[in-house]
Amino acid sequence: MAELFAAVEIIAAKRDKHEISDPQIDWIIDAYTRGVVADEQMSALLMAILLNGMNSREISRWTDAMINSGERMEWSALDRPTVDKHSTGGVGDKITLPLAPLVAACGAAVPQLSGRGLGHTGGTLDKLESIPGWRASLSNEEMLSVLQTCGAVICAAGTGLAPADKKLYALRDVTATVEAIPLIASSIMSKKIAEGTGALVLDVKTGVGAFMSDPDRARELARTMVELGTRAGVKTLALVTAMDIPLGLTAGNALEVRESVEVLAGGGPSDVVELTVLLAREMLQAAGVKSDLDPADALKNGTAMDHWRRMISAQGGDPDAALPVAKESMEIVADSDGELIDMNAMKVGIAAWRLGAGRSRQGEKVQAGAGIEIHAKPGALVREGQVIFTLHTDEPDRFARAQEALEGALRISNTGQKVARLPLIVDRIEG
Ligand code: URA
């Protein structure tokens, strides 16, 4: 059968800063998924989009075309509204782990399809896979059953969900075209809309440890995604939040699970608790759930922990099993007395990755116990020789490269000097 368009004409149109039409977008996404449009042609189009952008009609149609490349899930069998959260990723960002069971404990259903980490930010599935027995891959029937019995499920997206995005994302990764706002927004939102959630809260990270370090670019990404969700009938809002320093006191898979369990037990670092409770309130409001139980109380009274234990067990995990611990550790100490005024999230993320907590190629294995414990955060007064980081890995030859990554990560001042910090919540964007 003859093809409707020639890829080269669509590439030339975007190269010359013209709009591409709805039928052209539908065709190119479908033809690329079918293998009719070659990788080199799609690479050229992606670069033209990165350089020349897309308007909101084009972004919306591009998103729809990616949704239509696969299945659309639906949760009408559930007796309560669905709501999900998506974070654009950051260092120490383990919020999904306590958040999903917490929101379930307060009355909404949370169907959370998550990913594995690539680069310096960790992936939720890698973190949960450090729990002995826990299984990320579920069939759609198993997903529904876990949601019905536990109120929340965190699992891998199946191959049937937005397959065009899977192919495009892999291509963007190797062609320096990840950073385009229209491509990021359509990639994230196609999966979230296809997942079938009724409401969605986006946590768009900004600061040196985030993918969108500039707050204005993060706001633009947030607005673009909120617009896409709202147009698709999903109640969507976004918080733009700080990722200039790591979140919490751990970065690394099992270390972050341990910290999440501390939060579910009513303790944990104050920034993790604050963001978890705030996102939970936003999710419940977006889902239209009026709960008698406030999320802060559900962390204190054990109901969120009960939901976590059920959710982990339902996916084969043992919530009581000891978490893996790395074989080797090394301490990094303060080199002077003074106030700790900065801790570079990107450098900490890269160090954790080099210790084995993250992967540099898709499919690579990660170490469950690898990562970094943080013993002091900016604002603390420290003494020369005081331990600031403990590095963990199974392979001691990784320490040198991690130490290299941490060079200049800390700033200690004894002159009262301050570093401008981002507030935890930078902005809130609603549809
Ligand atoms: N996460 C995604 O799913 N897609 C992107 O493009 C970027 C981050």
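Predicted model: local features only at pLDDT ≥ 70, side-chain atom pairs only at ≥ 80, totals over all residues.
Reader: What makes β1 and strand β4 count as a pair?
Author: Two strands pair if DSSP finds at least two bridges between them. β1 and β4 (residues 199–206) share 5 bridges in the parallel sense, so they qualify under that rule. Within this pair, S87 stands opposite D203 in β4.

Reader: What makes a stretch a strand or a helix?
Author: Both are DSSP runs, numbered from the N terminus: a helix is H or I over at least four residues, a strand is E over at least two.

Reader: In what order do the strands of the sheet with β1 stand?
Author: The order is β1-β4-β5-β13, in an open sheet of 4 strands with mixed pairing. β1 (83–87) and β13 (425–430) are its edge strands, each pairing on one side only. Neighbouring strands are turned by 15° against each other on average, direction ignored.

Reader: How do you know that helix α10 packs on this sheet?
Author: α10 (residues 215–231) touches β4, β5 (235–242) and β13. A contact means heavy atoms within 4.5 Å. The direction of α10 makes about 165° with that of β5; axes are lines fitted to C-alpha atoms, for helices over the stretch in contact, and angles run from 0 to 180 degrees between N-to-C directions.

Reader: Why are β6 and β7 placed at the edges of their sheet?
Author: That sheet is open and antiparallel, with 4 strands in the order β6-β9-β11-β7. β6 (250–251) and β7 (328–333) each have a single partner strand, so one side of each lacks a neighbour in the sheet. The partner of β6 is β9 (residues 371–374), paired in the antiparallel sense over 2 bridges. There, T250 stands opposite E373 in β9.

Reader: Which helix lies across β6, β9 and β11?
Author: Helix α15 (residues 345–357) does, and it runs at about 135° to β9.

Reader: Why is helix α5 called largely enclosed?
Author: Buried means under 20% relative accessible area, exposed over 50%, and partly exposed in between (1.4 Å probe, protein chains only). In α5 (residues 96–105), 10 of the 10 residues are buried, so the helix is largely enclosed by the rest of the structure. Among them are P98, L99 and L102. After α5 comes G107, with a positive phi near 115°.

Reader: What makes T276 buried or exposed?
Author: T276 has 0% relative accessibility and therefore counts as buried. T276 belongs to helix α12 (residues 270–287). Leaving aside residues up to four places away in sequence, T276 touches I95, P98, L99 and L102.

Reader: Where does D306 fall, buried, partly exposed or exposed?
Author: D306 is at 42% relative accessibility, so it counts as partly exposed. D306 lies in helix α14 (residues 303–314).

Reader: How does the reach of helix α2 compare with what is expected?
Author: The expected span is 1.5 Å times one less than the number of residues. Helix α2 (residues 22–34) has 13 residues and reaches 18 Å from first C-alpha to last, close to the 18 Å expected. Its buried residues include W27, I28 and Y32, and what covers the buried residues of α2 includes α1 (7–15), α3 (39–52), α4 (56–67) and α8. Just after α2, G35 has a positive phi of about 90°.

Reader: What places K167 over the ring of Y32?
Author: A charge sits over a ring if NZ of Lys or CZ of Arg is within 6 Å of the ring centre and within 35 degrees of the ring normal. K167 lies over the face of Y32, at 4.3 Å from the ring centre. The charged end of K191 likewise sits over the ring of Y169, 5.9 Å from its centre.

Reader: Which is buried and which is exposed, A162 or A176?
Author: A162 has a relative accessible area of 0% and is therefore buried, whereas A176, at 55%, counts as exposed. Phi of A162 is near 45°, and A176 has a positive phi of about 55° although it is not a glycine. A162 is in the loop between β3 (152–156) and α8 (163–173), and A176 in the loop between α8 and α9 (181–194).

How values were computed:
Residues numbered from 1 in each chain as written. Heavy atoms only, no water.
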